Structures are given as C-alpha cells and as structure tokens.
Amino acid sequence: MKEDGDVSLKSSSKEEENVVGYHSTNVKKVRLNSTLTALLDDPILADVPKKPTLLDVDTLISLELGSAMRISVLKLDGTIIDVAIMNSALLKDLKLAIKKKVNEMEQSKMGHRHISWKHVWANFCLAHHNEKILDDSSALQDFGIRNNSQVHFVPYVMSKNSRRHSRRRKHRFFHGLNKCT
C-alpha cells in the first residue's frame, strides 16, 4: 500500500513539474514575441523585416558597420524598393534579396499572392547605368555598384537554345508559319 502511495505521489509531482515547465516556457515565448513586436514597431527599426531571420539582422548590422550596401531597385511600375546586401554580393544574392523584399511587401499589402520569379527573370534583367547584368555569378562591384547605387529592370528574353539573354522579339500572330516553310 505504501509503495502504491509513493508511486502516485511521484507521478503527480512529475505531472506538476511538466505543467509548470510547460507554462513557464510558453510565458517566456509570449514575452519574447511581445518584446520583439514592440521593438519592430519602433520607427527607428523600420528597415527591419517583420519576421527577421538571422541573415537579415546580420546584413543590417553589417550595413551599419560599412561592410554591406543598400541598393535601390527601380521597378517597371516606377516604384523603388531598397535592399541591403553584403559588399561582396553576387547578382544571384541581389536577385534573392529583391525576391524576398517584394514577396514581403506583397504579403503585407494583399495577403497571399504568388509571383513567378522564374517568369520574371526569364523576361527581365537588371541593369546599372544602362549596362545589363546577366551573369548570376558576377560580382556587383564589377559593374560599379556601390552603396546607395540604383539598378533597374530592363525587358529582356532568354533564348531557349543558349540559355542566355537575347534581344526581345516582337510577338507575331503567325509566328508558327515560319517553321513550316
């Protein structure tokens, strides 16, 4: 009998510890999230994304220390977005930062909306001082892109054969007839 009582006391005390531990962990998470939300609503931290990753925070710290750069991207609709990337960034890093920033902006404005980035990069490329930047593995500094530089989208079509960008072709109504002759 005494052993049964000891076993039930031990199990009930373990259950209480689990409940107390569970609640204290939840309380800590709630406090952390509320503190983080309050910090992100501060106007001084307006450039920090709403759900920042460690890479986002690291890039913003590097921007303040001078080892990262802020680039303005002029979209075709005339709006400008600012992205922060490291000084040693490649074109693919800039494309990823643009994709992330635009998706974040669209999500906050319109809710869930899908943008086909494969379609975007197949039909448009980025340019700096009217020089098209085509190679994803090229360093941005090679094109003269520095802190506070501006790049813009340029219509461009990638040919299927070479997987390289070529001049944009006008769509013809009877484009399939040329193949038959």
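**Nonpolar cores and helix packing in a predicted model**

Of the 22 residues in the largest nonpolar core, those that touch the most other members are I71, I85, L94, I98, L126 and L140. A nonpolar core is here a set of buried Ala, Val, Leu, Ile, Met, Phe, Trp, Tyr and Cys residues joined through side-chain atoms within 4.5 Å. Buried means under 20% relative accessible area, exposed means over 50%, and partly exposed lies in between (1.4 Å probe, protein chains only). At least two residues of this core are supplied by each of β1, β2, α3, α4 and β5. Its largest share, five residues, comes from α3. Apart from it lies another core, of five residues, including L40, V48, L63 and A68.

The structure is a predicted model, in which local features need pLDDT of at least 70 and side-chain atom pairs count only at pLDDT 80 or more, while totals for chains, interfaces and linings use all residues. Residues are numbered from 1 along each chain as its sequence is written, and side-chain values use heavy atoms, with hydrogens and water left out.

The protein chain has five helices and seven strands. Helices (H or I, at least four residues) and strands (E, at least two) are DSSP runs, numbered from the N terminus. Their order from the N terminus on is α-α-β-β-α-α-β-β-β-β-β-α. Of the 181 residues in the protein chain, 25% are buried. Among contacts (heavy atoms within 4.5 Å) with a separation of 6 or more, 49% are between residues 24 or more positions apart.

Helix α3 covers residues 91-110, and its 20 residues should span 28 Å at 1.5 Å a residue, which agrees with the 28 Å between its end C-alpha atoms. The expected span is 1.5 Å times one less than the number of residues in the helix. The buried residues of α3 are L91, L94, K95, A97, I98, V102 and E106. Seen down the helix axis, these buried residues fall within an arc of 160°, so they line one face of α3. The arc is that of the directions from the helix axis to the C-beta atoms. An α-helix has 3.6 residues a turn, so residues three or four places apart point the same way. L96 and S108, on the other side of α3, are exposed. The buried residues of α3 pack against β1 (68-74), β2 (80-86), α4, β3 (124-128), β4 (131-133) and β5 (150-155).

Helix α2 (residues 54-65) has 12 residues, which should span 16 Å at 1.5 Å a residue; its end C-alpha atoms are 16 Å apart, in agreement. Its buried residues include D56, T59, L60, S62 and L63. They cover an arc of only 160° around the axis, which puts them on the same side of α2. On the other side of α2, exposed residues are L54, E64 and L65. The elements that cover the buried residues of α2 include β1, β2 and α3. Just after α2, a positive phi of about 95° is found at G66.

Leaving aside neighbours within four places in sequence, I85 is in contact with T59, A68, M69, I71, D93, L94, A97 and L140. M86 lies in strand β2 and is partly exposed, with a relative accessible area of 31%. With neighbours within four places left out, the contacts of M86 are T59, S62, S67, A68 and M69. M86 and M69 are 17 residues apart along the chain, and their C-alpha atoms are separated by 6.0 Å.

Rings of Phe, Tyr and Trp (its six-membered ring) pair if their centres lie within 6.5 Å; planes under 30 degrees apart count as stacked, over 60 as edge-to-face and the rest as tilted. By this rule there are two aromatic pairs. The ring centres of W121 and F153 are 5.6 Å apart and their planes are at 25°, so this pair is stacked. The pair links distant parts of the chain, with W121 in helix α4 and F153 in strand β5, 32 residues apart. Both W121 and F153 are buried. One aromatic cluster is formed by W117, W121 and F153.

Helix α4 (residues 117-123) also holds N123, which counts as buried at 17% relative accessibility. The side chain of N123 reaches the backbone oxygen of H119 at 2.9 Å.

Note on methods
Polar contact = N/O pair within 3.5 Å; in protein donor to acceptor, adjacent residues only side chain to side chain.
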